[in-house]
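Colleague: I would like to learn how to read a structure like this, feature by feature. Where do we start?

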Amino acid sequence: MSDVLYEKRNHTGILTFNRPSSLNALCESFMKEIRDALEKAEKDPELRALILTGCGKSFIAGADIKEMYAKDADSIFAWSALGSELNMKIETMKLPVIAAINGYALGGGLELALACDIRIASENAKMGLPETSLGVICGAGGTQRLPRVIGESAAKELIYTARRIDAQEALRLGLVSRVVSAESLMEEALRLAESIGKNAPIAVRSAKEAIRFGRDASIEEGCLFEREAFRVLFETEDQKTGMGAFIRKEKNVVFRN
Ligand code: HXC
């Protein structure tokens, strides 16, 4: 059986990490499989959102320590590029990506979740960046994305102490946007994906691009980028569909892909 399961519910794709013997630790072949699954999802014209989740008690328990242990500086540099590129792929995908964190999201697992657009967690989820306790630091964007998500001070605390936090603390820190029961995690993730999916796909994609652009731009550059994207959306059929439906007082607008 594959280490990454792919299923589709209406307009939502679901990738389930399925390497339970190591709590979904990221070894080289597994990272490649996730990358291939993302590429497959990206090519599906029917999809409007993607959910990433893990099987069993783990989302991803980090990079595979057993595989990393024997590597030297040169080989780990190439190896970690796989993780970095995977996370960059998630961050720049046209589809909105939801991490449904079902259990451990540690090290490289949290780094991957940080590259997703939205994170929701089950009440039993545990998150952290334990790398400094292993004698290293994050290698796939964790030192860069965590401060951007929760702020520098809180990120430094978590990274320097290697402390593991629970879902409620993650919620307080803004690391996840909601916490739900373990039983309802997928239902909630699907509901969220569907509520995104009913909106105009090009507009959602455009919002994703504008938010990402603005993260590293001045307010002036960001607003200009946004205004240009706003202009371009007026060349789409979706703008006529969405605004026309409001004027005609129609409910249940259906946007085409
Ligand atoms: C390799 C791992 C693993 C990992 C778990 N396993 N995490 N193998 N790499 N990251 C394996 C265990 O060795 C064990 O295999 C099996 O999964 C079950 O794990 P247990 O430890 O027995 O389970 P439990 O007692 O429930 O503890 C769960 C846990 C613990 C708290 C998540 O496994 C743990 O601390 N794992 C390591 C977490 C971590 O440090 N992650 C960061 C890695 S560094 P066996 O064969 O013994 O049954 C990193 C850098 C990123 O991510 C760089 C990106 C490029």
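Modeller: With burial. A residue counts as buried under 20% relative accessible area, as exposed over 50%, and as partly exposed in between. Keep in mind that this is a predicted model.

Colleague: Which residues of H11 are buried?

Modeller: Asp238, Gln239, Gly244 and Ala245 are buried in H11. The cover over the buried residues of H11 includes H9 and H10.

Colleague: Take glutamine 239. Where is it found, and which residues is it in contact with beyond its sequence neighbours?

Modeller: Glutamine 239 sits in helix H11, residues 237-247. Its relative accessibility is 13%, so it counts as buried. Setting aside neighbours within four places in sequence, glutamine 239 contacts Leu233, Phe234 and Gly244.

Colleague: Now isoleucine 51. Is it buried or exposed?

Modeller: Isoleucine 51 counts as buried, because its relative accessibility is 0%. It belongs to strand E3, residues 49-54.

Colleague: Which residues does isoleucine 51 touch?

Modeller: Not counting residues up to four places away in sequence, isoleucine 51 touches Thr12, Gly13, Ile14, Leu15, Ile98, Ala100, Met186, Ala189, Leu190 and Ala193. Look at threonine 12. It is 39 residues from isoleucine 51 along the chain, and their C-alpha atoms are separated by 7.3 Å.

Colleague: On to sheets. What is the general idea?

Modeller: Strands of a sheet pair through backbone hydrogen bonds, either parallel or antiparallel. Here, four strands make an open sheet with mixed pairing, in the order E4-E6-E8-E9. Strand E4 (58-60) and strand E9 (165-166) are the edge strands, each pairing on one side only.

Colleague: In which sense do strand E6 and E8 pair, and over how many bridges?

Modeller: Parallel, over three bridges; E6 covers residues 104-106. Tyrosine 104 stands opposite lysine 126 in E8.

Colleague: How do I read aromatic pairs?

Modeller: Look at the angle between ring planes: under 30 degrees counts as stacked, over 60 as edge-to-face. Searching the whole structure gives four aromatic pairs. Phenylalanine 213 and phenylalanine 225 are stacked, at 4.2 Å centre to centre with 10 degrees between the planes. Phenylalanine 213 lies in helix H9 (residues 201-215) and phenylalanine 225 in helix H10 (residues 219-233), so this pair ties together parts 12 residues apart in sequence.

Colleague: What relative accessible area does phenylalanine 213 have?

Modeller: It has 33%, so phenylalanine 213 is partly exposed. Phenylalanine 225 is also partly exposed, at 28% relative accessibility. Next, take phenylalanine 230 and phenylalanine 234. Their ring centres are 5.1 Å apart and their planes lie at 65 degrees, so the pair is edge-to-face. Phenylalanine 230 is exposed at 52%, while phenylalanine 234 is partly exposed at 36%.

Colleague: Which residues do ring pairs link into a cluster?

Modeller: Phe17, Phe30 and Phe59.

Colleague: Last feature: the surface. Which residues make the nonpolar patch?

Modeller: Ile65, Leu134 and Val136 make a nonpolar surface patch of about 270 Å². Residues in a patch need over 30% relative accessible area. Leucine 134 has 49% relative accessibility, so it counts as partly exposed. It lies in the loop between strand E8 (126-128) and helix H5 (142-150).

Key
Residues are numbered from 1 along each chain as its sequence is written. This is a predicted model: local features need pLDDT of at least 70, side-chain atom pairs count only at pLDDT 80 or more; totals for chains, interfaces and linings use all residues. Side-chain values use heavy atoms; hydrogens and water are left out. Patches are made of residues with over 30% relative accessible area and no salt bridge: like charges are joined within 9 Å, nonpolar side chains (Val, Leu, Ile, Met, Phe, Trp, Tyr) within 5 Å. Accessible areas come from the Shrake-Rupley method with a 1.4 Å probe; for residues, only the protein chains shown count as cover. A salt bridge is a side-chain nitrogen of Lys or Arg within 4 Å of a carboxyl oxygen of Asp or Glu. Helices (H or I, at least four residues) and strands (E, at least two) are DSSP runs, numbered from the N terminus. Buried means under 20% relative accessible area, exposed over 50%, partly exposed in between (1.4 Å probe, protein chains only). Rings of Phe, Tyr and Trp (its six-membered ring) pair if their centres lie within 6.5 Å; planes under 30 degrees apart count as stacked, over 60 as edge-to-face and the rest as tilted. Contact means heavy atoms within 4.5 Å. Two strands pair if DSSP finds at least two bridges between them.
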